[in-house]
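Let's take a walk through this model together. Keep the sequence and the 3D view open as you read.

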Amino acid sequence: LAAAATGLVWSPPAQQGRQRRPAPRMAAATRAEAEKVINLAKKSIARDGNVRSALGSLVKVEKVLGYGAPAAGVVAVSFNASFKRQGNAFFTLGGEKREGDRGTSVGKVSARLENGKLASVVIFKDGGWGKSINVGV
C-alpha cells in the first residue's frame with residue numbers, strides 16, 4: 001500500500017535480448033597425467049639449488065589440491081609439499097655427533113605441463129601472500 005502511494009512499484013528486470021550461452025567445455029585431465037606432472041615437478045625441484053637454499057630439500061607431497069586441463073594439451077596441478085632444512089652438526093654432552101634440524105615447512109606448488117614438457121613450476125612459500133620461488137625447468 002505504501003509503495004502504491006509513492007508511485008514506486010517493483011517489477012522484475014527485463015529479460016529481452018538475453019540468451020543463455022552454453023558453458024564452455026573444459027578438457028579433462030586424468031589422474032595418471034596429474035601424477036606425471038607431479039613426478040616431473042619433484043625432479044625439477046630436487047635439481048634446483050635455489051629451492052634447496054631457500055626451503056631445504058623436498059621431503060614429500062602432502063596433498064594434491066587439484067588438477068585439470070585449462071586448455072588442450074595443457075595439464076595444471078596444485079599440491080602441497082613438505083620441505084626440510086638441515087642445520088649444522090653438533091656434539092652432545094655424551095660425545096655423540098648429531099645433525100641439527102631446522103624443522104619443516106609446507107609450501108604450495110603449482111606445476112604446468114604443456115605439450116608433454118614441463119612449462120613452469122612455482123613454489124609459494126607462504127601460501128601465496130608474498131614469497132614465491134620459480135623453479136628452473
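Predicted model: local features only at pLDDT ≥ 70, side-chain atom pairs only at ≥ 80, totals over all residues.

Residues are numbered from 1 along each chain as its sequence is written, and side-chain values use heavy atoms, with hydrogens and water left out.

**Confidence and layout**

On pLDDT (the predictor's confidence in each residue, from 0 to 100), the chain averages 82, and 77% of its residues reach 70 or more. Among the elements, helix 2 has the highest mean at 95, while helix 1 (residues 2-6) has the lowest at 54.

You'll find 3 helices and 7 strands here; these are DSSP runs numbered from the N terminus, with H or I over at least four residues for helices and E over at least two for strands. Starting at the N terminus, the order is α-α-α-β-β-β-β-β-β-β. Of contacts (heavy atoms within 4.5 Å) between residues at least 6 apart in sequence, 49% join residues at least 24 apart.

Of the chain's 137 residues, 23% are buried, where buried means under 20% relative accessible area, exposed over 50% and partly exposed in between, with a 1.4 Å probe and protein chains only. Which residues does I45 contact, leaving aside neighbours within four places in sequence? They are V51, L58, F83, V109, V121, I123 and V135.

**Salt bridges**

The whole structure holds 2 salt bridges, each a side-chain nitrogen of Lys or Arg within 4 Å of a carboxyl oxygen of Asp or Glu.

| Salt bridge | N to O distance |
|---|---|
| E35 and R31 | 3.2 Å |
| E114 and R112 | 2.8 Å |

E35 and R31 both sit in helix 2, 4 residues apart, or about one turn of the helix. E35 is partly exposed at 40% relative accessible area, whereas R31 is exposed at 59%. In the other pair, E114 is partly exposed at 32% relative accessibility, and R112 is partly exposed at 29%.
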